[in-house]
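Subject: Structure handover

Dear colleague,

Here is the structure I said I would pass on. My notes on it follow below.

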Amino acid sequence: MSNNPSCGITGLLVSSFLRERGIRAPQPQYRHRNQTNDTSNPQQQNNNNTDNADDGEVDESIGTGRTGRRGRRGPPPPPQTPALAPTSEDQTRDDPEAEEEVEYQEPAPTTSTKSTPRKRSRATPKKKKRESDSEDEDALNNPLAPRSRHTKRKKKGVDDEDARDRMLLRICKRCTRRIPPNAPAADEMCPACVTITAAGGKGAPKAPKKKTKKSVAFDDNTRFPSLRDLCMKYIAERIDDVEAFGDIPEETKTRISKIICRLRKLNPKNLQLFLGPEEERVDLFDCPALTDPDFITIAHFCPNLQRLYLNNAGRLTDAALIEIGKLDMLSVLELKGCFKCTENGWSTILGGLGPKLNELTLRYAAKFGQKSMEVLTIQCPNLQKLALIECESVDDVAVQKISRLQSLHHLQLDRLGAGISDVTLTDVIIAVGKSLRVLSLVGYPNATDLILFNGIVPHCPVLTSLILSECDQLTPDGFVTFLNKFHSPTRTFERLDLSRNVLFTDAVVTSVMNLYGPNLVYLGLNGLDELTGYSLKAVAGESARLEELDVSWVRALDDEAFIEIVRGCGKLRRVGLYGCNRLTDVVLGNGRVFKNGAGDMIQLVGNEYS
């Protein structure tokens with residue numbers, strides 16, 4: 001405290017002013033209260049106490065910073081007056097709990113002298129400390145402290161947080177719905193499930209389950225690509241970077257060729273990989289990028305070639321045919337899409353091959369006609385397989401020349417030129433039928449039952465495969481009679497195709513299954529609208545060896561008939577289902593897989609739900 005009396009009086013006035021408005025400054029904590037009391041001069045003691053209190057409050061208010069119980073920014077200044085005995089106000093400041101109980105007392109009146117007034121500073125009123133403040137401070141200092149008592153989730157009588165959560169959120173173990181908070185739950189079930197269970201019911205409508213992505217399950221029939229398949233695919237995708245195949249099997253080379261042609265990557269550059277003097281077989285499944293010089297290269301680079309297959313060879317001309325006809329060992333020739341080749345080219349190649357040719361397959365050979373057929377039937381007497389498919393220039397006269405080929409085992413005449421009569425077909429069957437094993441006649445609207453009774457029955461003793469499709473004049477009764485006459489212990493059908501004979505009924509199919517069902521491997525019923533479920537059930541019951549079945553566009557096929565066919569045919573591997581509009585996704589949907597008796601997966605061709 002200053003020795004100037006005017007300053008003391010001014011400080012006393014300021015203290016009186018602040019006390020009148022209930023403003024108090026915090027008392028410094030460095031005061032020593034254990035000194036002996038001076039009782040000799042009580043008036044001086046009271047004045048000193050008052051002055052010390054006033055000085056402490058004024059200094060705190062005008063200092064650089066407020067000081068409280070939590071600490072000060074710097075070391076406290078030493079006291080100017082000797083320590084006095086603690087007063088009732090000092091005891092109140094030392095005991096925070098008793099601070100609220102102390103009432104404000106008016107200071108004793110004092111006289112003041114004129115002096116320069118000290119600038120007053122605004123003092124912040126001290127807030128009354130609440131009990132919850134200490135709790136909030138503890139929560140801030142301790143992150144793991146419990147919830148504040150002011151939380152809305154706190155319930156009376158519940159102290160455990162987990163217990164509160166269980167009381168607020170309860171799930172019925174039966175219907176997986178939430179149980180209302182105030183509803184009683186017996187055996188962890190909602191009131192509705194408790195009522196239904198008590199009544200003996202099967203259950204309330206359950207909550208819909210969320211759709212989850214199904215994981216792919218692999219079973220024993222799941223086929224993973226082998227290392228060989230992966231290598232072939234890798235080579236096919238980078239065929240332009242391959243210099244030579246080396247010593248690989250003929251089957252592997254054929255499969256690589258098939259992959260390349262499917263990717264449309266076959267070109268004159270990589271064609272050289274499939275050619276060589278050691279090659280005996282060349283299979284090219286897609287040749288639109290090859291020109292006539294490339295086909296001539298095949299004949300020059302493969303002198304020992306025995307089998308040649310060219311598909312989509314639209315740029316093949318007579319010049320290339322002449323060079324191919326010079327191959328000395330070529331015995332199997334299959335050409336498709338050679339619409340540029342003329343009669344002269346066909347005559348030259350057939351004359352060059354001569355007796356060496358055993359199998360000839362031509363498809364879309366638009367200019368193969370009577371002259372070419374004449375050379376074929378005379379120069380190639382050892383021909384065992386002749387397949388002419390959609391060769392429009394082959395007419396009735398050209399077909400009659402086929403009667404010269406007495407060694408045929410396989411005869412296929414599909415969708416040839418118009419005007420071919422059933423009499424001509426019958427004469428051909430009579431001439432070559434003694435050795436025929438496969439006979440295919442497709443697309444003859446004028447063919448009648450005469451072919452069956454006069455041609456096939458008496459002259460085809462070893463026939464095992466019969467394909468009669470799109471022959472509109474064949475009658476159901478006539479075909480049933482034919483089946484009965486043809487059947488014998490030494491003759492049977494293994495492959496039978498009756499597709500798109502629109503007049504055939506259940507009687508035809510049931511006769512087929514009764515007579516030839518146990519031996520059939522392939523059965524084609526494509527487009528037979530007159531069939532009903534009766535004949536389809538007959539297929540399911542009499543097909544022990546059936547491997548392939550085509551029931552496309554058979555409107556009578558439904559879910560029940562399909563299930564019976566799958567269960568009844570123990571060796572079934574492939575089923576054609578195009579246009580079967582009565583089949584539903586209940587049977588064919590959801591990725592359902594059907595297996596035969598051996599556990600192998602059945603291929604469903606035309607399944608719209610797959």
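Of the 610 residues of the chain, 40% count as buried, where buried means under 20% relative accessible area, exposed means over 50%, and partly exposed is in between (1.4 Å probe, protein chains only). This is a predicted model, in which local features need pLDDT of at least 70 and side-chain atom pairs count only at pLDDT 80 or more, while totals for chains, interfaces and linings use all residues. Residues are numbered from 1 along each chain as its sequence is written, and side-chain values use heavy atoms, with hydrogens and water left out.

The chain has 21 helices and 15 strands; these are DSSP runs numbered from the N terminus, helices being H or I of at least four residues and strands E of at least two. Residues 24 or more positions apart make up 73% of the contacts in the chain with a separation of 6 or more, a contact being heavy atoms within 4.5 Å.

Helix α8 covers residues 250-262, and its 13 residues should span 18 Å at 1.5 Å a residue, the expected span being 1.5 Å times one less than the number of residues. The end C-alpha atoms of α8 are 19 Å apart, which agrees. Buried residues in α8 are Thr252, Lys253, Thr254, Ile256, Ser257, Ile259, Ile260 and Cys261. They pack against α7 (227-237) and β3 (281-284). Just after α8, Arg264 has a positive phi of about 60°.

The structure holds 1 cavity of 30 Å³ or more. On a 1 Å grid over the protein atoms alone, a cavity is a set of points where a 1.4 Å probe fits but cannot get out, and lining residues have an atom within 4 Å of a point. The largest cavity has a volume of about 60 Å³, the volume being the space filled by probe spheres set on the points, with grid points joined across faces, edges and corners. Its lining consists of Glu250, Lys253, Thr254, Ser257, Phe274, Arg281, Val282 and Asp283. The elements that give two or more residues to this lining are α8 and β3, and α8 gives the most, with 4 residues.

Aromatic residues

The structure holds 10 aromatic pairs. Rings of Phe, Tyr and Trp (its six-membered ring) pair if their centres lie within 6.5 Å; planes under 30 degrees apart count as stacked, over 60 as edge-to-face and the rest as tilted. Phe245 and Phe274 form an edge-to-face pair, at 5.3 Å centre to centre with 70° between the planes. Phe245 lies in the loop between α7 and α8 and Phe274 in the loop between α9 (268-271) and β3, so the pair ties together parts that are 29 residues apart in sequence. Both Phe245 and Phe274 are buried. Phe274 is also one of the residues that line the largest cavity.

Phe479, Phe482, Phe486, Phe493, Phe504 and Tyr516 form one aromatic cluster. The charged end of Arg491 sits over the ring of Phe486, 4.1 Å from its centre; the criterion is NZ of Lys or CZ of Arg within 6 Å of the ring centre and within 35 degrees of the ring normal.

Leaving aside neighbours within four places in sequence, Phe482 is in contact with Leu452, Phe453, Ile456, Val457, Leu466 and Phe493. Phe482 and Leu452 are 30 residues apart in sequence, and 6.4 Å apart in space from C-alpha to C-alpha. In helix α16 (residues 450-459), the buried residues are Ile451, Leu452, Gly455, Ile456 and Val457. What covers them includes α15 (422-432), β9 (438-442), β10 (465-469) and α17 (476-486).

Loop residues

Asn501 is in the loop between β11 (495-497) and α18 (506-516) and is buried, with a relative accessible area of 1%. Not counting residues up to four places away in sequence, Asn501 touches Leu468, Ser469, Glu470, Cys471 and Leu528.

Asn312, in the loop between β4 (307-310) and α11 (318-324), has a positive phi near 55° and is partly exposed, with a relative accessible area of 38%. Tyr364, in the loop between β6 (359-363) and α13 (370-379), has a positive phi near 60° and is partly exposed at 40%.

Regards

Terms used:
On a 1 Å grid over the protein atoms alone, a cavity is a set of points where a 1.4 Å probe fits but cannot get out, and a pocket is an open set with protein on both sides within 12 Å along at least five of seven lines; lining residues have an atom within 4 Å of a point.
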